[in-house]
Amino acid sequence: MQVTETLNEGLKRGYAITVTAAELDEKVNEKLAEAQPDVEMKGFRKGKVPMALLKKQFGPRVLGEAMQETIDGAMNKHFEDSGDRPAMQPEVKMTNEDWKEGDDVEVAMSYEALPEIPEIDLKKLKLEKLVVKADDASVDEALGNLAETAQDFKDRKKGSKAKDGDQVVMDFAGKVDGELFEGGSAEEYPLVLGSNSFIPGFEEQLVGVKAGEEKAVTVNFPDDYGAEHLAGKEAVFDCTIKNVKEPVAAEINDELATKFGAEDLAGLKGQISERLEAEYAGAARAVMKRGLLDQLDEQIKFELPPSLVEAEAGQIAHQLWHEENPEVEGHDHPEITPTDEHNKLAERRVRLGLLLAEVGRKAEIEVTDAEMTQAIMNQARQYPGQERQFFEFVQQNQQMQQQMRAPIFEDKVVDHIAEGATVKEKEVSKDDLQKAVEALEDE
């Protein structure tokens, strides 16, 4: 076997690989000899089929396997000897298209090598970590929001009309074609107007009713309604209004605290304070991470594989085009040409991606099975009732696993770099942190 370099320009590499007919024949004989003990053929005992007959019967099929394995072996040995790591899957093709059995195999291999990435002197990196304490005003604001979610209802003044957001307590009986239907009646039923918990159009007709009033509500069941015998049909609900109640926020006291799992109000305030500071820390980390990536992008320079930059720029341009044209769901649209801005962003992403990957490789950073499982579980919660199906889908989809693993790996590498950098804490207000986060979104 012979490997000859044909291209060495920047990161581009090209090689001509020649596998002789004799090498292929030897490989075929090895594979047939390996299989011979298990081969059965009419007229011969198991394992006693002559090699010449095996070669005649199975040789052409084994030849293809031998050719592929030999070429793969030559490529692997080349990468092992040269130390090259291809940026993308190498392009491999036969150059003697008129090849026939007995000829040498000539193959051209080309790829872009990953560049040599400079070492980072972590101690020279200077990072600023914003720190925000949960003040009393923030805790009180969060308490007020909790009180609203735990709202109660109290009777409105006699004769008051029901408004959107009010609770109407009523008896009702629903009929289709003049006949009561199962599940269409209830007594003392509390319905919050605007909650959209009833058939579309029902709650709107109760706005303006008073306690003691009777109201006939006419609605149409949706065509896709779960009960087939009611789907698409008109129904009339005879409603008797018992009470009209207005929403009132729950009182901020120990009783409210117990509703949210705390022993008392002081305990609830402590929980809120911890939660707020965890949220602030998450936002501050995002700000610090952007500062770190900006420094790395500015300080560390190396040649980038053009194919990676081109692919990334195309993906960025395509994604932004769909964001600007949300009505186009498929990919039946004109070709999208990346702009200079897209190319510049692609260069940054590729540079940082390669740099973080190299830092992670040298530091032997890995994403554990437990971390992956937790990430999958967190995302599965977005699909209530289908968590199991989502989990199985991810397990069977390598590309999806890689998409979920990548941000976990990146965050672990960023934490590793930050641990070695010089980090200065700066206490700021919640508003200052919010402005810093908004600045990230604007960039």
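**Entry 1: the sheet.** I looked up the strand order and found an open sheet of 4 strands, arranged S1-S2-S4-S3 with antiparallel pairing. I noted that S1 and strand S3 (91-94) are the edge strands; each has a single partner strand, so one side of each lacks a neighbour in the sheet. Direction ignored, neighbouring strands of this sheet are turned by 15° against each other on average. I record here that the model is a predicted one.

Entry 2: I then examined the antiparallel pair of strand S1 (residues 2-9) and strand S2 (residues 12-19), which 7 bridges join. Within this pairing, the bridge partner of Gln-2 is Thr-18 in S2, and Glu-9 stands opposite Lys-12 in S2. The hairpin has 2 residues between the strands, and I found that Gly-10 takes a positive phi near 65°.

**Entry 3: the largest nonpolar core.** Which residues of the largest nonpolar core touch the most other members? I found them to be Leu-296, Leu-355 and Ile-417, in a core of 29 residues. Two or more residues are given to this core by each of helix H5 (265-299), helix H6 (306-324), helix H7 (340-362) and helix H10 (398-420). H7 supplies the largest share, 7 residues.

**Entry 4: surroundings of Leu-296.** I listed the contacts of Leu-296, setting aside neighbours within four places in sequence. Leu-296 is in contact with Ile-120, Leu-125, Leu-352, Leu-355, Leu-356 and Ile-417. I also noted another core of 22 residues, lying apart from the largest one and including Val-176, Phe-181, Phe-221 and Ala-235.

Key. Residues are numbered from 1 along each chain as its sequence is written. This is a predicted model: local features need pLDDT of at least 70, side-chain atom pairs count only at pLDDT 80 or more; totals for chains, interfaces and linings use all residues. Side-chain values use heavy atoms; hydrogens and water are left out. A nonpolar core is a set of buried Ala, Val, Leu, Ile, Met, Phe, Trp, Tyr and Cys residues joined through side-chain atoms within 4.5 Å. Buried means under 20% relative accessible area, exposed over 50%, partly exposed in between (1.4 Å probe, protein chains only). Contact means heavy atoms within 4.5 Å. Two strands pair if DSSP finds at least two bridges between them. Axes are lines fitted to C-alpha atoms, for helices over the stretch in contact, and angles run from 0 to 180 degrees between N-to-C directions.
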